[in-house]
Amino acid sequence: MRYTFTQEDEKFRQELRNWIRNEIPVNFEKWHGVNEAGDDFEYGLKIRRKLAKKGWLTMAWPKEYGGQGASYMKQVIFNEEMSYHRMPGRDGFGAKMLGPTLMVHGTEEQKKRFLPPIANGEVQWCQGYSEPDSGSDLASLKLKVEDKKDHWLVNGTKVWTSMAHKATWIFFLGRTDPDAPKHKGISFFVANIEDCGIEVQPIINMGSEHYFNQVIFNNVKIPKDSLIGELNRGWYIAATLLDFERSGVEYPSSARRNFEEIIQFVKRNKNSSGEPLIQDPYINKTLVDLDLDIEAARLIAYEVAYLQSEGEVPSIEGSVAKILGTTLTQKIAKIATDFSGLYGQLTDSSAPFDGKYLKQQLHVTAFTIFAGTTEIQKNIIATRGLGLPREDKLTVKK
Amino acid sequence: MDLGLSEIQKMLQQSSREFLEENCSMEFIRAMESDPIGVTDELWKNFAELGWLGLMIPEQYGGSGFEYQDMSILLEEMGRVGLAGPFFSTSIIAVQTILSSGNESQKSQLLPKIASGDLKFSLSFFEKNGNINPSEIQTTTARKQDEGWVINGEKSFVTDAASSDYFIVAAKTMDSQNQGISLFLVPRDNEGVEITEMKSVGGEKLSKVNFQEIKIDNSQLLSNENLSWDVLSKVFKLGASGKSSEMAGAATKILEMTIDYVKNREQFNRPIGSFQAVQHQCADMAIMSKLCTQFARKSAWYLSNQEKNDLEVHRSKAYVSKSFHDICQISHQLHGAIGYTWDYDLQIYTRKMQHQKLAFGDYNYHHKKISKLLNLT
């Protein structure tokens, strides 16, 4: 057992932290992060390129692909510090998802073509998985991809596609064999959004933000070499267990920063009855419970990374981390707005933190829904982790 | 960051699980609940032979020289089978108290006899109010007389008094709000010691102990005069972390029992474990049980390896006390009526939980400590 990081890891943390603090344009205390999906997209790309130069963007990649083969714990530290400091620039779709998929399933030519721009932080990818009729039951997806000898013909719609409005490329799952069982007729493709004439329509969320989109493929022709891996194996390619840290440590880490910020607020302000917030027992209890929730999510994130570094495949831990981390983001936003009294409803600059936590409260409503809802995660824990029978696979005795 | 067990810990975990499963069946645990001591001589002898009684005692004093973090793994296993009894009082609380406060001659006289199973101890700290706070020690006082001391007062919530050879008594020796506490070794057989049982729901042996004009000599002063609160607060941290470990072990066991039950219990022509409403409650249990283990182990590791460990101990006992109760409740819900019966073993854990979650500080106590450490007050 050891519940601290090694000296070498801590040295890396310090180096990274110094770099980040130097990179933040204002005093760290006043830094609230940026909107990478909106006005600050270019700024995010700028930081991404700097991370690439530092070797940090793809430090988890194997050395043969220009990465550092960084340990899981080093990746944990990277994500902790970046999240804690509200730094933009990480590349979830390209560096973390598509890159590793290509390394395993791509042809030499595909790797040469797609990996360097990702590694250099030059390209934004997006992911086309969900469809209007396929959410939690993703394998029921219908986007039709037909083999037309010299090209693929694509028809259908993807939805909730984050960053599609900023991305140049999309990787997506399409149905290539409508007659095969649902998991076995899906293939994995890539396409250039503009060149192929793929239409991207904005979807504005309840926080008035533009993160995700509807992506429409209307008789879209894509080149033959857009198929990644074997035909009809797309489901398994997408599910390839990528040997990357995916502990969800970013949730407790950014929560800790928010927690500290909220404490400062609580120390300076009064509750709805006019008493100092800090003397309010309800608020005290809420904050200590929140501290426990943050520590719980952090412990599980470390456990995921620890299991991975031991060469084990985390069974329920990944789902536990996702549930705890995302639930935590909702709790913290709610607490921050609860503490603001009547100001908790304001979106203008007279609201505490310029209404940041209210915005966040609306924003993070999606967190327990995307990437496998809390309910789906609990199903996974119960069936894969605890070995309980799947309801949909059950033969009921008469 | 290494969240796995060391080789030694793995061996300890495996060997203790095998031994306890064989020797501490539920039938035995039930019998020990009504037994005045809570352990048989034979089992105690086995514990000595296995090196458990002196697990934390350095080799120079006849022990095995393990660290507390290793002990925490054994405690998980004891929690798993629901074993209470004098082990906790003697081999953790008393050993740590003597190690932290005893002089050389006390250590070399007492510790080997604990390791060999010849002496049992019990800490007499709490008074009528049951609070963990130095200022609450008011009624038990010790005054100097001739070459020794005279102790008077009444203690409550003394664990395993009936089986102890010695009490370690915390008494006021100076008029001060938070200091002026000294620790004394008082033989149970001493004239003027009177023990009255306090009935605890889970078979934990609790007593009131009255000390009346107890005369002891200077060699029985266990600590530096007046300066025992620091020792005690360290001992209480081990107690809190240790109860967390017991609960974590019990939580894992209860989860296993529940999974087994819902897989086999059929209603509407199918196992009830196939219903999502049941599955999601099982998932909630699994999440909390995993966290109980992680919080407990983290606090144990901190106690053995880091000077600053208060926060981790408080987090552990606060989280585990609260969540383990929830786990018991969900488990009963999923077991339906059968789990509610005396004959079904689940309820044994539920009753024992009531002691474990309250001992060495309840959720509220540790909550307030966290609040202080985070500067929230």
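**Talking through domains, strands and the chain contact**

Colleague: How many residues of domain 3 of chain A are in contact with domain 2 of chain A?

Modeller: Domain 2 of chain A brings four residues to this contact. Bear in mind that we're looking at a predicted model. On the domain 3 side of chain A, the number is five residues.

Colleague: And how do the residues on the domain 2 side of that contact divide into nonpolar, polar and charged?

Modeller: For orientation, the domain assignment puts domain 2 of chain A at 125–238 and domain 3 at 250–390. Their C-alpha centres lie 32 Å apart. The side of domain 2 that touches domain 3 divides into one nonpolar, two polar and one charged.

Colleague: Which strand of chain A does strand 3 pair with, and in what sense do they run?

Modeller: Strand 3 of chain A covers residues 151–159, and eight bridges join it to its partner. At A:Val159, the bridge partner is A:Gln214. That partner strand spans residues 210–223, and the pair is antiparallel: strand 7 of chain A.

Colleague: Which residue in the turn between strand 6 and strand 7 of chain A has a positive phi?

Modeller: Strand 6 of chain A (residues 199–204) pairs with strand 7 of chain A over six bridges, in the antiparallel sense. One of the paired positions is A:Val200 with A:Val215. The two strands form a hairpin with five residues between them, and the turn residue with a phi of about 60° is A:Ser208.

Colleague: Moving to the chains, which helix gives the largest share of the side of chain A that touches chain B?

Modeller: The contact takes 36 residues from chain A and 39 residues from chain B. Helix 8 (281–309), helix 9 (317–338) and helix 11 (374–385) of chain A each supply at least two residues of the chain A side. That side divides into 23 nonpolar, three polar and 10 charged. The largest share, 12 residues, comes from helix 8 of chain A.

Terms used. Residues numbered from 1 in each chain as written. Chains lettered and ligands numbered in written order. Predicted model: local features only at pLDDT ≥ 70, side-chain atom pairs only at ≥ 80, totals over all residues. Contact = placed C-beta atoms within 7 Å. Helix = DSSP H or I, 4+ residues; strand = E, 2+ residues; numbered from the N terminus. Nonpolar A, V, L, I, M, F, W, Y, C, P; charged D, E, K, R; others polar. Pairing = 2+ DSSP bridges. Domains from an automatic or database assignment.
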